[in-house]
Amino acid sequence: MAKTMRIAVITSPGLTHLVPILEFSKRFLELHPNFHVTCMIPSLGPHPDSTKSYLQTLPSNIHSILLPPINKQDLPQGAYPGVLIQKTVTLSLPSIRDTLKSLTLREPLAALIADAFAFEALSFAKEFNFLSYIYFPSSVMALSLCLHLPKLDEQVTGEYKDLKDPIYYPVVYQFSGVIFHFQCKIDPVMLTNSI
């Protein structure tokens, strides 16, 4: 019988991040049943009942750890939700590190998979000597833009935000054997190099 390999998964707060990474984990475990997944879940407040209910539906080879909620007073008031999510994960890093340390003392981990907002936790993979990956589910449009960016970089000089006209790029999407061709428009002002 094959030895069980363990993977740690870190999500960012909210069901919209938790569900995709755990559904990915379930699919991964269907293909590789000799793995076990431990999912760490940061929170910006008490974990909602919807999260707890969803976690109860997971198979036995996925274990979840609800990290202690961070103090809301440590978050910037009136900040954009993406900033709040990122800051919540950043403030949860000590709990994530402690949890990873505890897990590695029991059994070695093969890899760490982090949600895109939890990228800072990838440094722990180097510290504890296991592989690291970012889980980034995206739309076809975002994927197409990422694939087209090298060509766009060759065509555009200067800053995108300084362009006066929209940027157009092709999108090809196949669905049930039918191929759709789109042409997308990006407002150059949205593409700035400062976040």
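Me: Is His 17 buried or exposed?
Reply: In this predicted model, His 17 is buried, because its relative accessible area is 17% and the cut-off for buried is under 20%.

Me: Which helix is His 17 in?
Reply: His 17 sits in helix H1, which covers residues 15-31.

Me: What does the His 17 side chain make a polar contact with?
Reply: With the side chain of Asp 115, at 3.1 Å.

Me: And which residues does His 17 touch, not counting those up to four places away in sequence?
Reply: Thr 11, Ser 12, Ile 85, Asp 115 and Phe 117.

Me: Staying in helix H1, is Ser 25 buried or exposed?
Reply: Ser 25, also placed in helix H1, counts as buried at 2% relative accessibility. Leaving aside neighbours within four places in sequence, Ser 25 contacts Val 9, Val 37 and Ile 62.

Me: Now the largest nonpolar core. Which residues touch the most other members?
Reply: Ile 10, Met 40, Ile 96, Leu 100, Leu 112, Phe 124 and Phe 130, out of 20 residues in that core.

Me: Which elements give two or more residues to this core?
Reply: Strand S1 (5-10), helix H3 (81-106), strand S4 (109-115) and helix H4 (122-128). H3 supplies the largest share, five residues.

Me: What is Leu 112 in contact with, leaving aside neighbours within four places in sequence?
Reply: Its contacts include Ala 8, Ile 10, Leu 100, Leu 122, Phe 130 and Tyr 133.

Me: How many residues are in the other core?
Reply: That separate core has 16 residues, among them Ile 21, Val 37, Tyr 54 and Leu 58. Val 37 is also one of the contacts of Ser 25.

Conventions: Residues are numbered from 1 along each chain as its sequence is written. This is a predicted model: local features need pLDDT of at least 70, side-chain atom pairs count only at pLDDT 80 or more; totals for chains, interfaces and linings use all residues. Side-chain values use heavy atoms; hydrogens and water are left out. Helices (H or I, at least four residues) and strands (E, at least two) are DSSP runs, numbered from the N terminus. Buried means under 20% relative accessible area, exposed over 50%, partly exposed in between (1.4 Å probe, protein chains only). A polar contact is a pair of N or O atoms within 3.5 Å; within protein, one must be able to donate a hydrogen and the other to accept it, and residues adjacent in sequence count only if both atoms are side-chain atoms. Contact means heavy atoms within 4.5 Å. A nonpolar core is a set of buried Ala, Val, Leu, Ile, Met, Phe, Trp, Tyr and Cys residues joined through side-chain atoms within 4.5 Å.
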